[in-house]
Amino acid sequence: MIEIEGLTKRFGPTTAVAHLSLHVAKGEVLGFLGPNGAGKSTAMRMITGFLAPDAGRVTICGHDIETETNAAQAKIGYLPEGAPAYGDMTPRQFLTFVAQVRGFRGAEAKARVAAVVEKTELGPVLEQPIETLSKGFKRRVGLAQAILHDPPVLIMDEPTDGLDPNQKHAVRGLLRAMAAEKAIIISTHLLEEVDAICTRAVIIDRGTLVADGTPAELLARSRYHNAVTLVLSANEAEAAVARLKTLPGVAQIDRKPLGDSVRLTAFPKGGALLIEAVSALASRENWRVQELYAEPGRLDEVFRAVTTSDAARAKAARP
Ligand SMILES: Nc1ncnc2c1ncn2[C@@H]1O[C@H](COP(=O)(O)OP(=O)(O)OP(=O)(O)O)[C@@H](O)[C@H]1O
């Protein structure tokens, strides 16, 4: 449903997006991850036809975004960064206006507005100017305008930005409920969002795609994938480390003091499964284990490994 080929955009000396190619199918929720300035918003503005690329092509449900802009945009719901324009309008006025722009009239327009107001829980603020709303409500007005025409493609730039934990939960539920029938791209800085709603995630760094996979595939790239963590009393820890080192699958052991206890993490050789061997050893040795679990992997560590920090970027930019 979304086909992106070789998308490139430069701003003066900065290459914001470089040769980005991606296909997103119906039923996929693709997470766009990357550090600040990685090029996520620029890519989304090109995908939705609000910014012309220097090179490359985007097709939405078979329509080229540059040469068949109206047909392509009719298939897209776009939530841009920040708050909706027209701050002096109330949500009801703004959403009625959006319904008309999308070609709905009379009872149909009213029904569409009522449905999105309910879905995004905007009822309490319907008659209040948008510019006076809290950040969370502004974000939900943006979300409502994006889904009003029930488009098959959703492009959402940080949809849960500014929402409190309850609202985040509600919006993620809404996106999940719509996901089966749509192709969705969301950008986010929240790695837990990937786990909560994405079927696939890409990581972009300095305009370039540096990782692409399901959440499980990305986690499998973490050094914590299949590592085993156990918490023991401090006086048992040294003997436990010595015994754990004798297990053939163990590559390394990290230790972290936790008051009277110690947290040990055994890292596997080549991603091997360790949990059975470690729990059997713990039981043979009668360790008083307070916690014992296998680690799925840590997305923040994968993110750091494949992207460039601000400090590294500043260093590279120095003459
Ligand atoms: N209109 C513009 N003029 C000049 N440079 C721009 C413009 N828009 C974006 N850039 C630059 O392009 C790069 C990518 O910016 P973009 O906003 O797409 O990143 P992002 O990944 O969305 O960042 P964030 O996570 O902070 O929202 C940055 O270096 C930014 O400064």
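Guide: Among the classes used here, Asp, Glu, Lys and Arg count as charged, and Gly counts as polar. The model is a predicted one. By these classes, the shell around the ligand has three nonpolar, seven polar and one charged residues.

Visitor: Which residues surround the ligand?

Guide: The ligand is surrounded by F11, T14, A16, G34, N36, G37, A38, G39, K40, S41 and T42. β2 (14-24) and α1 (40-47) are the elements that give two or more residues to this shell. The largest share, three residues, comes from α1.

Visitor: What makes K40 the charged residue of the shell around the ligand?

Guide: Lys is in the charged class, and K40 is among the residues that surround the ligand. The shell has one charged residue, so K40 is that residue.

Visitor: What makes L30 and V24 residues in contact?

Guide: Contact requires C-beta atoms within 7 Å. Leaving aside neighbours within four places in sequence, L30 is in contact with V24, I184, I185, C198, R200, A201 and V202. The C-beta atoms of L30 and V24 therefore lie within 7 Å.

Visitor: Where does L30 stand in the largest nonpolar core?

Guide: That core has 64 residues, and L30, A144 and I155 are those with the most contacts inside it. Helix α5 (residues 135-147) provides its largest share, six residues. A second, separate core of 12 residues includes Y224, L232, L264 and L274.

Visitor: Which domains does the assignment give?

Guide: The domain assignment gives domain 1 (2-215) and domain 2 (228-295). Their centres, taken over C-alpha atoms, are separated by 44 Å.

Conventions. Residues numbered from 1 in each chain as written. Predicted model: local features only at pLDDT ≥ 70, side-chain atom pairs only at ≥ 80, totals over all residues. Near = placed C-beta within 6 Å. Helix = DSSP H or I, 4+ residues; strand = E, 2+ residues; numbered from the N terminus. Domains from an automatic or database assignment. Core = buried A, V, L, I, M, F, W, Y, C linked by C-beta atoms within 7 Å. Buried ≥ 20, exposed ≤ 12 C-beta atoms within 10 Å, placed from the backbone. Contact = placed C-beta atoms within 7 Å.
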